[in-house]
Amino acid sequence: MQLNGRRLSSNVEDRRGGSKKVYGGLGIGGAIIVGLITLLMGGNPVTTVQSVNEALGGSASYADENWTPSAEEQQLAEFASQILAGTEDVWTSIFKQYGKTYVPPKLVLFTDSVQSGCGGATASCGPFYCSADQCVYLDLSFFMEMKDQIGADGDFAYAYVIAHEVGHHVQYLLGTLQQANAQRSRMSETESNKVSVRLELQADFYAGVWACNDNKMFGSLERGDIEEALDAASKIGDDYLQKKAYGRTVPDSFNHGTSAQRSKWLRKGLNTGDITQGDTFSPAYSQL
């Protein structure tokens, strides 16, 4: 991506190195496996990953006064801030077109573990959006795990991850997230997972909408960038991850979408740049 001279966002809270928890450290690969096992047993994968981490390494907290970021991590922090700034510029413009005001989320950078408005979480859970405090949470080591564990790499692939989480914030501002979660609370687990897939695919679409419009505004995309993001989308599909962990898939447990679905909706956002084209709730589930 071409980001030279791009501004940094003022909506970044840096909690890196402020405190740490001692965990055994599943990493994203271990988290994927434990999470899939839990899904098959009908449990909550996020809760289980946290519990296993605590059992492996304890939960004692300590201040890490000697922590200093590596040059690579500091570069990633600046990159994340620039991407967040880009989402602010794009979504402010789009919301204005429809007579709405965009209120940007805060990006919270953390190391190892964090306390959010939605509860405690570890880096093993990956980046996430919390609507309770309207923040996106990110441990920058996730990008290194993407590269090492699932072979998804590249600056636009990393930007897609951030833009996807901001997409959930867009859903929150539009009321889509609240409506979907209200529906899920009244459904069976299988049906609830299907609504979750619809939410995630729309967030993928919004990530594509951002990238399309960011490129129009700033000329940010370079040769190979789109392929990077589509490759990342395919490698975080539920079917890809389940096959990687188990050698088979359990479709009823899908809650983010298949590789084909995630790539399809990201590509649609990239091609159209039009927020009105991202209705993932009206089509039949088999047509997503």
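Me: How many bridges join strand 4 to strand 8, and do they run parallel or antiparallel?
Reply: This is a predicted model, so everything here is computed from it. Strand 4 and strand 8 run parallel, and four bridges join them. Within that pairing, Leu 107 stands opposite Val 136 in strand 8.

Me: And how do strand 7 and strand 8 run, parallel or antiparallel?
Reply: Strand 7 and strand 8 are antiparallel, joined by three bridges. Cys 130 has Cys 135 of strand 8 as its bridge partner.

Me: What sits between those two strands in the hairpin?
Reply: Four residues lie between strand 7 and strand 8, and Gln 134 in this hairpin has a positive phi near 55°. Gln 134 belongs to the loop that runs from strand 7 (128-130) to strand 8 (135-138).

Me: Which other non-glycine residue has a positive phi?
Reply: Asp 112 is one, with phi near 75°. Asp 112 is in the loop between strand 4 (106-109) and strand 5 (113-116). With a relative accessible area of 29%, Asp 112 is partly exposed.

Me: Back to strand 8. Which way do its side chains point?
Reply: Cys 135 and Tyr 137 point one way, while Val 136 and Leu 138 point the other way. All four of these residues are buried.

Me: Which residues touch the most other members of the largest nonpolar core?
Reply: Trp 91, Phe 143, Met 146 and Trp 210 do, in a core of 57 residues. There is also a second, separate core of eight residues, and Phe 110, Ala 121, Cys 135 and Tyr 137 are among its members. Cys 135 and Tyr 137 are the pair that point one way from strand 8.

Me: What does Met 146 touch, sequence neighbours aside?
Reply: Beyond four places in sequence, Met 146 is in contact with Gly 151, Ala 152, Ala 157, Tyr 158, Val 161 and Ala 232.

Me: Which residues of helix 4 are buried?
Reply: Phe 142, Phe 143, Met 146 and Ile 150 are buried in helix 4, which spans residues 141-150. They cover an arc of only 105° around the axis, so they lie on the same side of helix 4.

Me: Why would residues three or four places apart point the same way?
Reply: An α-helix has 3.6 residues a turn, so residues three or four places apart point the same way.

Me: What comes just after helix 4?
Reply: Gly 151 does, with a positive phi of about 70°. Gly 151 is also one of the residues in contact with Met 146.

Me: Changing topic. Where is Glu 73, and is it buried or exposed?
Reply: Glu 73 is in helix 3, which covers residues 71-97. Glu 73 counts as buried, because its relative accessibility is 14% and the cut-off for buried is under 20%.

Me: What is Glu 73 in contact with?
Reply: Leaving out neighbours within four places in sequence, Glu 73 has contacts with Arg 16, Trp 67 and Leu 140.

Me: What about Asn 255: where is it, and what polar contact does its side chain make?
Reply: Asn 255 is in the loop between helix 9 (238-246) and helix 10 (259-272). Its side chain makes a polar contact with the side chain of His 256, at 2.7 Å. Asn 255 is buried, with a relative accessible area of 17%.

Me: How far apart are Leu 270 and Asp 204?
Reply: They are 66 residues apart in sequence and 9.8 Å apart in space, C-alpha to C-alpha.

Me: Last one, for the whole chain: how many helices and strands are there, and what share of residues is buried?
Reply: The chain has 10 helices and eight strands. Of its 288 residues, 49% are buried. Its accessible surface is about 13000 Å², with 48% of that belonging to carbon and sulfur atoms. Among contacts with a separation of 6 or more, 76% are between residues 24 or more positions apart.

Key. Residues are numbered from 1 along each chain as its sequence is written. This is a predicted model: local features need pLDDT of at least 70, side-chain atom pairs count only at pLDDT 80 or more; totals for chains, interfaces and linings use all residues. Side-chain values use heavy atoms; hydrogens and water are left out. A nonpolar core is a set of buried Ala, Val, Leu, Ile, Met, Phe, Trp, Tyr and Cys residues joined through side-chain atoms within 4.5 Å. Buried means under 20% relative accessible area, exposed over 50%, partly exposed in between (1.4 Å probe, protein chains only). Contact means heavy atoms within 4.5 Å. Accessible areas come from the Shrake-Rupley method with a 1.4 Å probe; for residues, only the protein chains shown count as cover. A polar contact is a pair of N or O atoms within 3.5 Å; within protein, one must be able to donate a hydrogen and the other to accept it, and residues adjacent in sequence count only if both atoms are side-chain atoms. Two strands pair if DSSP finds at least two bridges between them. The arc is that of the directions from the helix axis to the C-beta atoms.
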